[in-house]
Amino acid sequence: MSIRFEQVSKSFGTKHVLKQVSFKVERGEILFILGRSGMGKSVTLKHIIGLLKPDSGGVFIDGQNVSQLDDIQLAKVRQKCGMVFQHPALLDSLTVFENIAFGLRTAQYIQLIGHPLSEDDIRRRVCEKLADVNLKTEILDCLPSDLSYGMQKRVSLARTLAPEPEYLLFDEPTTGLDPITTNAINDLIHDLSRKLQVTSLVVSHDMACALKIADRVLVLDQGKILAHADRSTLKLSEEPLIQDFLAETLALIPPAELDVASIGATAP
Amino acid sequence: MTEVRMWLSIVRLFFQTIFNFFQPSAWRRAEIIHAIVQSGIKSIPIVCLSTAFAGVVVTQQIAWHMDLSLHDVSMIPGFTGQFIFRELGIAIPALLLVSKVGASITAEVGTMKVTEQIDALKLLRIDPIEYLVFPRFIAGIVSGACLTLLAVAVTLSCSALVGILGYNFGALEFLNGMKHFIGVADVVCALVKGVTFGSLIPIVSCAYGFHCKGGAQGVGTATTQAVVSATVAIIILDFLITYFFTWFL
Ligand SMILES: Nc1ncnc2c1ncn2[C@@H]1O[C@H](COP(=O)(O)OP(=O)(O)OP(=O)(O)O)[C@@H](O)[C@H]1O
Ligand SMILES: [Mg+2]
């Protein structure tokens, strides 16, 4: 039950985005991926669900090499994974309800749980996930274009959570959200991994949050892994980039909050 | 070089779409009907308006020249009829569809691509070709055929109107004059062209949409390129199909 990158390299044309990247995430862990813009964080996540294929090396999920799977096996792997894309990526032509319910109606999901969900069950599940991301049920019949960016982003989160996947990939889940919602979502990620043993990979710029909920932190730069550290050892790192990231964060957060992983965060 | 690669991927997309014919799950009624409304029914007014004026202009030009050089206008129905059936009544709706339907498809699919909606579809285990291209492809075939017939009918009627009002033809006389020059092959040719162009537009547009890169600017560039490519392709195919029908049938 793990995700493993082995010597993964990927280039687009002459641009080498990933250079022999290796790392591993175990079941129930939360791994944060930090890095400057354009350093291949989104590209890394897309490799896990086979949206991109490595030029060399392999991405393994539960021991299976993702790039060597046939369509049926790949569909099974994707069934296990949920991804929150950097863009909200909601289907424009469907309502919020239909968007969130989409994953509950696919043939693979029905096969997985053994029977189709009744309309009542679907509605209940959709409302539950909507509440998890701090949204009201009034927006269920809206089209995505009627919502603000932050709301769309949260609907996208709810859509990903609805089929209750084992692996969750978050591409900047809280970018562009207010601090209260950001806290709520970080708590949600933390709860999922602790209570349901969901494995989470979180791409983020938010060092403060990484220091709060991450089990491990990985810093990508220039296609390489610059640092791969536990939350506690990260602060001891001598890397200038990490120091910069930390300096930004430390300026904003009172030291007391950094030492203890204060979850169930106090809303500011 | 990039154009060659683009056309290769257009051809590949064409075959991948064709493959969906045998996939029962691809026949999503609601989506296909929606696409027919978008590409076909909503194009009826503009197609009628443009082809009506084209019919008037062309008939008047042909008549004026015949009158001037041959001092005889009896051939107007035959000439205009053939010209309308072979080219005018077909090229105009096709080019209108490129700019109206093709551009909007590229913009829509391109936006879906750059906002990761296509990736989201794949993750939801939906084949983007089956979900996005196939309904538009079927709609393109249906609307291509129907709009072509409609356009030909409108153009012919307006042409006849010019003949009747401006050159003292009787209505029956005008129609009979046309009948001599137009055969079954012309009708088949018109339909073949309508279906070809109607199916080409969504494929080219979707292919450019799928290859979109960057943000809003990328969508804009792709839309322009799709319109240009589809227009050129239609003009070349028009020539080839006409050539084939003229010499081999
Ligand atoms: N499909 C693609 N085709 C070509 N180049 C790509 C593609 N996807 C990503 N890239 C390039 O790979 C590089 C890394 O992109 P990526 O989206 O992973 O960055 P990122 O680390 O997620 O940055 P950000 O924080 O801005 O989201 C970028 O330079 C981008 O231009
Ligand atoms: Mg990114």
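The report goes from whole chains to single residues.

## Before we start

This is a predicted model, where local features need pLDDT of at least 70, side-chain atom pairs count only at pLDDT 80 or more, and totals for chains, interfaces and linings use all residues. Residues are numbered from 1 along each chain as its sequence is written, chains are lettered from A and ligands numbered from 1 in the order in which they are written, and side-chain values use heavy atoms, with hydrogens and water left out.

## Chain A as a whole

Let us begin with the elements: chain A has 11 helices and 10 strands. Helices (H or I, at least four residues) and strands (E, at least two) are DSSP runs, numbered from the N terminus. Along the principal axes, the C-alpha trace of chain A spans about 55 × 45 × 35 Å. A compact globule of 268 residues would have a radius of gyration near 18 Å, and the 19 Å of chain A agrees with that. This radius is taken over C-alpha atoms, and the globule rule is 2.2 Å times the number of residues to the power 0.38.

How much of chain A counts as buried? The share is 54% of its 268 residues. Here, buried means under 20% relative accessible area, exposed over 50%, and partly exposed in between (1.4 Å probe, protein chains only). Contacts (heavy atoms within 4.5 Å) tell us about the fold too: in chain A, among those between residues at least 6 apart in sequence, 67% join residues at least 24 apart.

The accessible surface of chain A is about 12000 Å², and carbon and sulfur atoms provide 52% of this area. Such areas come from the Shrake-Rupley method with a 1.4 Å probe; for residues, only the protein chains shown count as cover. Chain A also carries 29 positive and 34 negative charges, whose mean positions are 4 Å apart. Lys and Arg count as positive and Asp and Glu as negative, while His and the chain ends are not counted. Each charge is placed at NZ of Lys, CZ of Arg, CG of Asp or CD of Glu.

## Chain B as a whole

Now for chain B, which has 9 helices and 0 strands. Its C-alpha atoms fill a box of roughly 70 × 35 × 35 Å along the principal axes. Of the 249 residues in chain B, 49% are buried. Among its contacts between residues at least 6 apart in sequence, 85% join residues at least 24 apart.

For chain B, the accessible surface is about 12100 Å², with 72% belonging to carbon and sulfur atoms. There are 14 positive and 13 negative side chains in chain B, and the centres of the two sets lie 11 Å apart.

## A helix to follow: α3 of chain B

Helix α3 of chain B covers residues 44-70, which makes 27 residues. From first C-alpha to last, this helix reaches 37 Å, close to the 39 Å expected at 1.5 Å a residue. The expected span is 1.5 Å times one less than the number of residues.

Which elements do the buried residues of α3(B) pack against? They meet α4 (76-114) and α6 (128-167) of chain B. Among these buried residues are B:Val47, B:Thr51, B:Val58, B:Ile62 and B:Met66. An α-helix has 3.6 residues a turn, so residues three or four places apart point the same way. Just after α3(B), B:His71 takes a positive phi of about 50 degrees.

A:Ile189 sits in helix α7 (residues 179-195) of chain A. With 1% relative accessibility, A:Ile189 counts as buried. Leaving aside residues up to four places away in sequence, A:Ile189 touches A:Ile30, A:Phe170, A:Pro173, A:Ser200, A:Val202 and A:Ile213. A:Ile189 and A:Val202 are 13 residues apart in sequence, and their C-alpha atoms are 9.1 Å apart.

In chain B, B:Ala145 belongs to helix α6 and counts as buried at 15% relative accessibility. Not counting residues up to four places away in sequence, B:Ala145 touches B:Leu191, B:Gly194 and B:Val195.

## Two loop residues with positive phi

Most residues other than glycine have a negative phi. A:Ala89, however, has a phi near 50 degrees. A:Ala89 lies in the loop between β6 (81-84) and α3 (96-105) of chain A, and is buried with a relative accessible area of 4%.

B:Arg125 has a positive phi of about 60 degrees and is not a glycine. B:Arg125 is found in the loop between α5 (117-123) and α6 of chain B, where it counts as buried at 18% relative accessibility.
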